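Dear colleague,

Please read the notes with the sequence and the model side by side.

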Amino acid sequence: MKNTYRILVWCITVLMVSALSGAYEIVGDSVLYSGEFADLVVTPHTAYSPVNDFEQTFTVTNNKNVAGDLCVAYYFNNPLESGSVSLKSVENYNVNNWISDVSCDTAWDETNQTNVTTCTDNGYYETVQKQRTVWNDVSGAFTHLSYNGKHYYYSNSPLSFSALDEKSWKLRYSPNTADSSNKWGLKSWNSQTGNCYNDFINQDYNFMYDLDPWWNSSWDYSYSLTPSIQRDNEVYNISIVGTICENNANTTAILDSTNTTEFDYVWHNSSRSNLAFVGDNSSVYFLYCDDDLKIPERNNSNKILRWMDCDGTSTTTSDWALSSGDITATCQSSVLKNGANSLLLAASATGAPIASLNYTSQSTGNVTITGWYARKAIVSYEGWFLGPTATDFTNAYWIEDNANIRWYDTDYRDTGFDSVTNGWFAFSMSVGIDSNLGRYWQNNTLGAGTPTHRGTVSSLKWFGYRATNNAEGIYLDDFFICDETCHVFVNPATLTIGAEQTQLTSANESTARTTITSAINNVLTSPTIYTVRQMYVRYYNGNQSLGTFDKVAVSGNQRWAFNYITGSDTYTNMWNLTSVFYVLEMANLTSSEITVQVETLINNTLI
């Protein structure tokens, strides 16, 4: 008798995962960069494997409804030992399917005294066209370039995208033994000339993405921070409410897109929902944080020495030193620039009372005060200064307010801005302790002249405000003291926080599932993929098995079931049914290893 088997499959539950906002999906342990041309998805983020061969899959989607192109260049600290690039495509192939045409005749068997049915299959083979995913080696389209201390492998010609087109490719490489990080960097740009090399060297492009793998494996989460305006030395003030980093003591860092520059920052309040840092003209920054406190806080408050703002708790009114009872430092809500409160330094009597704020003493380099100010009244010669003590404005850098904003130099000549009226102004005052030179900006317009300090100044430790009339006062909001140049701009940039990105760990079943999904899509064309799917199988020998799987992929009459075992999970130990049903159960793997195993199984069994 002919052996037979059958498979019964039904769904106990299917979890539907909603798409992330922003028209892209983060797949597995991935990096994502969303820009004016493309969403770039990379998985896995950092590749580790038992051998010295690494693999990443990249997917780019043209989000515009017009055609475009993209050049790419991978870069490393040292030249690769070996490497290859493969481009994903879909090809048609023919399969001969048997079309049965069975006819049966029943006749009486006199010998056995029974009816005997004889069936004949008069079927035929029909050629059916199917599609499969193939990875074509395009390594010959890339050229090695040593440039600015890095080794680039760039595409000679740009990849062409039709409207809303998507392309995927793989990078496989063996890093140089001197490259301890084993990480790639990726630059991508649009071509203006059709020659990627010329565009790159001559900076002839409309945009340039610069992407680096995960900076430090101790950090579990990251968010991209994209400024609306790129400016050097701007103080970025950003709310991180809703991110893992909020309220996350001792585990936050900010880096540029190349993960080479780490930015000092200061918290705005004890709830750690706002922070500020000084940027460097980067097109994107990254906020890293960790939720299990494995590593110490990265911020040392070296760049931003003080942040004075009555909506926060980084500096309070009690931090101000008052020379007498004739001047006060209070938070008030009647005159505002940002938030619900601003600081008022106000005199109540004549006699030149002084309110001063202490910061870390600086004896070299630059010191800058920057923020928003508004004058309570324009009466006589009030002013503010940077000096060595709380009350010594004679040996100090000094700015004076009257009808005009004035900065005294050594000869007491007035230089500065005219016709200052009431209202809020963005201001910066930056002084070079070594050069004895300073600058003053109002609404980001540089003042005239090159004034120096008054008297003898060897170090700066105090910011002070001095009033000469009982009607005088000054309002301050989002006021910063930096140990280098920094600016609050009259048209401040906003920072857009990108989607949350995570690193895969061996115990993260949720992230493993998305990595499995990504690997399935890398191999199969338009498969049906189920999450948390129960499978029942009856084998030809009569044995039966029932098991639940993290992911099940269906393509045609083939099924692949995948489990990632964590915690108290148990193995189903189910068998394969050749050409129809395949099982892969994994544990304690990185995303790179999961991707390789899933893709290998499907590629080796797909018909």
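The protein exposes about 27000 Å², of which carbon and sulfur atoms supply 46%. Please keep in mind throughout that this is a predicted model, so that every value in this message is computed from predicted coordinates. Buried residues make up 51% of the 607 residues in the protein. As for secondary structure, the protein has three helices and 42 strands, and among the contacts between residues at least 6 apart in sequence, 71% join residues that are at least 24 apart.

Turning to the interior, in soluble globular proteins nonpolar side chains tend to be buried together. Here the largest nonpolar core has 33 residues, and those with the most contacts inside it are Trp320, Leu386, Phe463 and Leu476. If you select Leu386 and leave aside its neighbours within four places in sequence, you will find it in contact with Tyr359, Val367, Ile369, Ala396, Tyr397, Met429, Val431, Leu460, Trp462 and Phe463. Apart from this core lies another, of 20 residues, among them Phe54, Phe142, Phe207 and Tyr209. Two of the residues named for the largest core, Trp320 and Phe463, also belong to one aromatic cluster, which they form with Tyr373, Phe425, Phe427 and Phe479.

The aromatic pairs come to a count of 21. In one of them, the rings of Tyr75 and Tyr152 have their centres 5.3 Å apart and their planes at 45 degrees, so the pair is tilted. This pair links distant parts of the chain, since Tyr75 lies in strand β5 (residues 68–76) and Tyr152 in strand β11 (residues 150–155), 77 residues apart. Both Tyr75 and Tyr152 are buried. Tyr236 and Phe277 form a further tilted pair, with 5.3 Å from centre to centre and 45 degrees between the planes; here Tyr236 is in strand β17 (residues 232–239) and Phe277 in strand β20, 41 residues apart, and this pair too links distant parts of the chain. Tyr236 and Phe277 are likewise buried.

On the charged side chains, the count comes to six salt bridges. One of them joins the side chains of Glu91 and Arg132, at 2.9 Å from N to O. Glu91 lies in strand β6 (residues 82–99) and Arg132 in strand β9 (residues 124–137), so the pair ties together parts that are 41 residues apart in sequence. Glu91 is partly exposed, with a relative accessible area of 30%, and Arg132 is partly exposed as well, at 33%. Another salt bridge is formed by the side chains of Asp165 and Lys167, at 3.6 Å from N to O, where Lys167 is partly exposed with a relative accessible area of 22%. In the salt bridge between the side chains of Glu234 and Arg231, the N to O distance is 3.0 Å, and both Glu234 and Arg231 are buried.

Is His268 buried or exposed? At 8% relative accessibility, His268 counts as buried, because the cut-off for that class is under 20%. The side chain of His268 makes a polar contact with the side chain of Asp309, at 2.6 Å.

With kind regards

Key: Residues are numbered from 1 along each chain as its sequence is written. This is a predicted model: local features need pLDDT of at least 70, side-chain atom pairs count only at pLDDT 80 or more; totals for chains, interfaces and linings use all residues. Side-chain values use heavy atoms; hydrogens and water are left out. A nonpolar core is a set of buried Ala, Val, Leu, Ile, Met, Phe, Trp, Tyr and Cys residues joined through side-chain atoms within 4.5 Å. Buried means under 20% relative accessible area, exposed over 50%, partly exposed in between (1.4 Å probe, protein chains only). Contact means heavy atoms within 4.5 Å. Helices (H or I, at least four residues) and strands (E, at least two) are DSSP runs, numbered from the N terminus. Accessible areas come from the Shrake-Rupley method with a 1.4 Å probe; for residues, only the protein chains shown count as cover. A salt bridge is a side-chain nitrogen of Lys or Arg within 4 Å of a carboxyl oxygen of Asp or Glu. A polar contact is a pair of N or O atoms within 3.5 Å; within protein, one must be able to donate a hydrogen and the other to accept it, and residues adjacent in sequence count only if both atoms are side-chain atoms. Rings of Phe, Tyr and Trp (its six-membered ring) pair if their centres lie within 6.5 Å; planes under 30 degrees apart count as stacked, over 60 as edge-to-face and the rest as tilted.
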